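Colleague: Could you take a close look at one spot in this model for me? I'd like to hear about the aromatic rings and what surrounds them.

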Amino acid sequence: MAGIVSTIGDGLWNAFLMAWEVWWALVLGFLVSAVVQAWVPRARIEASLSGGGPRPVALATGLGAASSSCSYAAVAIAKSLFQKGASTASALAFQFASTNLVWELGLVLWILIGWQFALAEFVGGLIMVALMAALLRGFVSPRLETRARARAREVDSGHQHHAAGSDVGLRERLGSAQAWSDVAHNFRGDWRMLWREIGAGFVLAGFIGLLPMDTFNALFVTDAPGALRTIENVLVGPLIAILSFVCSVGNVPLAAVLWSGGISFAGVLAFLFADLVVLPIVAMYRKYYGTAYALRIVALMLVTMVIAALAVDGLFGALGLVPSARPPADDVFGSIEVDYKLALNVVATAVFAALWALTARRGATDVVCGMTVDRATAPTLTVGGRTLYFCSEHCRHAYAAGEADAIPAHAAHR
């Protein structure tokens, strides 16, 4: 029993040390993402995503890069875009961009396993978008796309994370309490969606880091000829991601442990790319679009992920950018010392607390979904002399239709 308790303690301590290594980067990344979501106009871009060709795909890629890194939110928003007329190529481009081309993911990758992986993630994301657009019609016919769109319009969209934002100029935003409130609410909304994923990633990485390095040989070939090893690793990497159920930024701690354990550069990239095909997300595809369409876009994404990982591995190998040194497990998890990380983490904690406090001072709780919203801009409904606040028209309509029949005391404001 003492050994079990000690092992649990060691695993949790590893998880905490890894979180300590990247806490400031996570806060900075989420802050930048929240600013972009609040201050970059989207309505005009969203209206331009219908139709085929490179322009809508490029716009969808840009919109995805300016969005939250949450894989589940990316899938829900892409479904909404698809309902409104965006092509399959544009919807998938948005998903790839929002899970591979966002600030927080690159920062955490840079901190944990090096700038080469951060650069490879961005390059790979662009390659996946290009490959997906080129290969799409080999997997999804126009007829199947039409059927999937009809189904998506019939299925209730459910709750989505709607970005807070107001239409004012940049100079006015910098000095506007309302503009910074929009930033704070996007910041809090992203954390509410992702904290379980991020926490699960750190905890899994902490316990996997206790395993002997030989354990990885049972999953990944590490001593075969280079080409065979690379191919096996890029095929098994997505499988591990699918079975781990962890996606978005939560994948990065696991990727760091896998890299430390001897997995190839391409294998780590394929693992990182596969966050859009974890089992819960595949179930969402099936619900939204039907089984046939879901299976085909998952197959398309898997093919693009594997090819992109191989392409980036070959490109970086030719340029001499593949890291040769692998950090030992102790370096992956780091340590707590009086250094620049301590100072940065103190500042990050202060920023986190200030933004959270801003949402508490100006916020109210949506009685349907529990999201904190800004009272100054949220849709409202007056019931029995009380004003209720909602994150979106969807939640307000759901409440008005009787789908939420209780008013939590903390969510009602006069």
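Which residue lies over the face of Phe 82, and how far is it from the ring centre?

Modeller: That's Arg 149, which lies over the face of Phe 82 at 4.4 Å from the ring centre. To count as a charge over a ring, NZ of Lys or CZ of Arg has to be within 6 Å of the ring centre and within 35 degrees of the ring normal.

Some ground rules before going on. This is a predicted model, so local features need pLDDT of at least 70 and side-chain atom pairs count only at pLDDT 80 or more, while totals for chains, interfaces and linings use all residues. Residues are numbered from 1 along each chain as its sequence is written, and side-chain values use heavy atoms, with hydrogens and water left out.

Back to Phe 82. Searching the whole structure turns up 17 aromatic pairs; rings of Phe, Tyr and Trp (its six-membered ring) pair if their centres lie within 6.5 Å, and planes under 30 degrees apart are stacked, over 60 edge-to-face, the rest tilted. Phe 82 pairs with Tyr 289: the ring centres are 5.5 Å apart and the planes are at 90°, so this one is edge-to-face. Phe 82 sits in helix 4 (residues 71–83) and Tyr 289 in helix 14 (residues 279–289), so the pair ties together parts 207 residues apart in sequence. Helices here are DSSP runs of H or I with at least four residues, strands are runs of E with at least two, and both are numbered from the N terminus. Phe 82 and Tyr 289 are both buried, where buried means under 20% relative accessible area, exposed over 50%, and partly exposed in between (1.4 Å probe, protein chains only).

There's another charge over a ring: the charged end of Arg 326 sits over Trp 259, 3.8 Å from the ring's centre. Arg 326 also comes within 8.3 Å of Gly 261, C-alpha to C-alpha, although the two are 65 residues apart in sequence. Gly 261 belongs to the loop between helix 12 (251–260) and helix 13 (265–273), and its relative accessible area of 12% makes it buried.

Then there's a ring cluster, in which ring pairs link Trp 23, Phe 30, Phe 187, Trp 191, Phe 352 and Trp 356. Trp 23 brings in Asn 345: leaving aside neighbours within four places in sequence, Asn 345 is in contact (heavy atoms within 4.5 Å) with Trp 20, Trp 23 and Trp 24. Asn 345 is in helix 17, and at a relative accessible area of 2% it is buried. Ala 360 is in helix 17 (residues 340–362) too, but it is exposed, at 51%. Ala 360 is 8.0 Å from Thr 372, C-alpha to C-alpha, with the two being twelve residues apart in sequence.

Among contacts between residues at least 6 apart in sequence, 78% join residues at least 24 apart.

The chain's mean is 81, with 86% of residues reaching 70 or more. Residues 404–414 fall below 50, and that stretch has 25 contacts in the model beyond near neighbours in sequence. Where pLDDT is low, the predicted coordinates should not be read in detail.

Technical notes:
pLDDT is the predictor's confidence in each residue, from 0 to 100.
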